[in-house]
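Please keep the sequence and the model in view while reading.

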Amino acid sequence: MTDQVSPGAPVAPKLASRHGSGSGEVLLSVRNLEAVFETGDGIVHAVDGITFDVHRGEIFAIVGESGSGKSVSAMTVMGLLPTIKVRSGEILWKGENLLDFDENRMRRIRGGEIAMIFQDPLTALNPVHTVGRQVAEMARIHDGLSKKDAMKRAIETLDLVGIPEPAKRAAMHPHEFSGGMRQRAMIAMAIMCKPDLLIADEPTTALDVTVQAQVLEVLVDIKDEIDSGIVLITHDLGVVAGLADQMMVMYAGNQVEFGTVDEIFYETAHPYTEGLLNSIPDLVGDHSKPLIPIKGSPPSLINRPSGCAFHPRCSYARVPGVCSEQEPKLRDEGQGHMSACHFTSVDWKPQ
Amino acid sequence: MSNLDTEVVVNSPESTVATSLWADAWKQFKRNKLALVGLGFIVFVLLTAVFADLIAPYSITDRDVGRSREGPSGDHWFGTDIIGRDLFSRVVYGARVSMKIGLAATSIALVVGVIFGALAGYIGKFVESAIMRFIDVFLAIPYIILAIAIATVFGKSENSVIIVLGFTGWLGVARIVRASFLQLKKQEFVEAAQALGFGRVRIMFRHILPNALQPIIVYGTIAIGSTILSEAALSFLGVGPQDPTPAWGLMVSQGRSDLANAPHLLFFPGLAIALTVTAFVFVGDGLRDALDPKLKDR
């Protein structure tokens, strides 16, 4: 299968796997989702009105710093955060609102239709069971397969994700696997029941760079194999550039920029996205160009800055002025490329 | 990704690895000489209990009225009791009583304790509060008083002792299991299992429980010993099995009055209790070290 990916490449090449936006049916449609945690210290606005669609065959990336709400958004979609309160919005799965589903129905969705891949495969696999048993269990609970048939399918799936000698490996425990192999096993578990959507939460963060590339390659191959969509949650813009079709940048629970990867990388419309892009090294371009970090640190989600949440760290902010006084709305920069800045890039970009 | 490798013979799921985990623990356990001695003694007592019919030279009710309270001799190795029964035979059969009560009561305690501890730890909220407050209330009542109450209702027998000790023992088990579950349910593999649509019961008992076995095994082993001790205490107080059941505690109680002129009546059953309980404690300690990866290579 594999001829396409060069993950980690700073410049986005056009990939064979790319279907572009809107080519497949809409699988997941999140509409104006607002969700909060009520803590003793106050209300944490973890997800503050986000809207996006994920299509079949597409890789949709959610990018942001730690605490920007990207994982919480995904976990809310899965209904896995018992403490979060969804205040408004809809999570439409194939047209039906997941928020209306009861626990039994959600359980069939989880793993059966939407499957999740976790960040740290070391801790996401149960240390006491063999890998084969854990992968096989998926088919036993979702498809009601017998122990023997489930194990057979588990071994086929382990083979599919590129685990050598899958039959022998299936009988081993997670601690006998390397990091990359464990993440492949985790992917095997997630795709056992051929879900329509895979949510990968920082799938390669815990892996070393050479293994990252292999695991991402597996992920893309699998997506084509089972014809699903992928939501890729990451803070690694290199990964996004190499793989994703559409992306969304999150900051302090807000969606600050949304569009195709090309638009966001080449026609950056939000100062925060520009800050992110300036703080990663460019391997092919000018090596003498200094990296420009974003000053400061992400704001508290309990006491958010007034106006635009990014204004205290924004080099272009007009303070006092509109930036510190008014909350910016998502605005179309053209062809669905949205940005939540008071100014168009023409206005703020120093020319 | 080739399909060339799929023809490899499928190993049984519990392969070398699972066994090597236990083999590792056994290697560690063997280094602890006290624990080995304890294990040897437990095996000895178990065999005694199973083959009591073959070992005991007399039955528990055979009496030789002319030879009351005789000291140890060739005929009667441990001497005879107040009504001339062979004390050695009674101590041998006593192993059966103690082991039966110890194992049965501890099994009840473990099963009930694991179920309620798991529910409290995993589900939390109202379920947890209800179970934990219930446990607090029962821990505040001395088990002796509970025992006397239950013995009055069910009669003084081995079975009522099993019920009493089983239903007081689970309280401690539940607390340990709850603590393990509280810690384990935050692990990512539990989150992953939830995210992949596994049911609650399956996650509790198939995924979390095997990870929580170490403290349960250790506690259970030591609990068998302390259950035997409690059984002796209840028998001693007269709310346990009644004569002619050869319960060790009952024998100690009966020998008490003749301590001055026939000390063997108290000594042999007392020794049996002490050695058996100590053996379980040694094995429990050995298991704790053997199963705890952090104590390796000490």
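Is A:Asn32 buried or exposed?

## Basis and a first residue

This is a predicted model, in which local features need pLDDT of at least 70 and side-chain atom pairs count only at pLDDT 80 or more, while totals for chains, interfaces and linings use all residues. Residues are numbered from 1 along each chain as its sequence is written, and chains are lettered from A and ligands numbered from 1 in the order in which they are written.

A:Asn32 is exposed, with 12 other C-beta atoms within 10 Å. On this scale, 20 or more other C-beta atoms within 10 Å make a residue buried, 12 or fewer make it exposed, and counts in between make it partly exposed, with C-beta atoms placed from the backbone. A:Asn32 is found in strand E1 (residues 26-39) of chain A and has a positive phi of about 50 degrees although it is not a glycine.

## Two further backbone features

A:Glu165, in the loop between H5 and H6 of chain A, also has a positive phi, near 45 degrees. A:Glu165 counts as partly exposed, with 15 C-beta neighbours inside 10 Å. In chain B, the peptide bond from B:Asp243 to B:Pro244 is cis, with omega near 10 degrees. B:Pro244 lies in the loop between helix H10 (213-237) and helix H11 (248-255) of chain B.

## Domains of chain A

The domain assignment of chain A gives domain 1 (1-11 + 19-113 + 195-301) and domain 2 (127-191). Their C-alpha centres lie 26 Å apart. In the contact between them, 15 residues of domain 1 meet twelve residues of domain 2, a contact being a pair of C-beta atoms, placed from the backbone, within 7 Å. On the domain 1 side, the largest share, eight residues, comes from H8(A). That side divides into eleven nonpolar, three polar and one charged; Ala, Val, Leu, Ile, Met, Phe, Trp, Tyr, Cys and Pro count as nonpolar, Asp, Glu, Lys and Arg as charged, and the others, Gly among them, as polar.

## Contact between the chains

Between the chains, 39 residues of chain A are in contact with 25 residues of chain B. The chain A side comprises 21 nonpolar, nine polar and nine charged residues.

## A helix pair in chain B

Helix H5 (residues 125-139) and helix H7 (residues 158-184) of chain B pack at an angle of about 140 degrees, with their axes 10 Å apart. B:Ile131, B:Ile135, B:Phe138 and B:Leu139 in H5(B) meet B:Leu171, B:Ala174 and B:Arg175 in H7(B). The residues of this contact divide into six nonpolar, no polar and one charged.

Definitions and conventions. Axes are lines fitted to C-alpha atoms, for helices over the stretch in contact, and angles run from 0 to 180 degrees between N-to-C directions. Helices (H or I, at least four residues) and strands (E, at least two) are DSSP runs, numbered from the N terminus. Two residues are in contact if their C-beta atoms, placed from the backbone, lie within 7 Å. Domain bounds come from an automatic or database domain assignment.
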